[in-house]
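Trainee: Could you walk me through the charged side chains here? I'm new to this one.

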Amino acid sequence: MNPSLVIGGIPFYDAPSEIEGSPYWVDLWTDVNGYKIGIQVKPSTYKSANISIYMGKARSSEEKGHKKFLRNFGGKVFVVMPVNGVVSKEIEKHIIAERDLLLKLPPKENTP
């Protein structure tokens, strides 16, 4: 299976339907040492769009979902806005740091 997005050499694959959207708000994920790192993909117009669309309940629900993902799968969720399949170097640096952190932890056996 080909990855949907590669960030810093880390392949991310489509998350299963029960992970995508509510309750976790994760579009893509990868396995690192039995833990998962999630990616929520936003369009490049996200920052310039009417931000009020993303505030309130939707934003709060996403944040809660990302925290739930961290509790259940052990890794963070990153919001990315790829341009031609590439994310910013800053986001890439954070994702690589999260991968490196998870690699230092004892392997996780059972992910929900």
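Mentor: We can start with the ground rules and then turn to the charged pairs. This is a predicted model, in which local features need pLDDT of at least 70 and side-chain atom pairs count only at pLDDT 80 or more, while totals for chains, interfaces and linings use all residues. Residues are numbered from 1 along each chain as its sequence is written, and side-chain values use heavy atoms, with hydrogens and water left out.

Trainee: OK, how many salt bridges does the structure hold?

Mentor: There are five, where a salt bridge is a side-chain nitrogen of Lys or Arg within 4 Å of a carboxyl oxygen of Asp or Glu.

Trainee: What does Lys-42 pair with?

Mentor: Lys-42 forms a salt bridge with Glu-62, and their closest N and O atoms are 3.1 Å apart. Lys-42 sits in the loop between strand 4 (35–41) and helix 1, whereas Glu-62 is in helix 1, so the pair ties together parts that are 20 residues apart in sequence. Helices (H or I, at least four residues) and strands (E, at least two) are DSSP runs, numbered from the N terminus.

Trainee: And is Lys-42 buried or exposed?

Mentor: Lys-42 is buried, at 9% relative accessible area, and Glu-62 is buried too, at 11%; buried means under 20%, exposed over 50%, and partly exposed in between (1.4 Å probe, protein chains only).

Trainee: Switching topic, what about Glu-90?

Mentor: Glu-90 meets Lys-93 in a salt bridge at 3.7 Å, N to O. The two are three residues apart in helix 2 (residues 89–104), which means about one helical turn separates them, and Glu-90 is partly exposed, with a relative accessible area of 44%.
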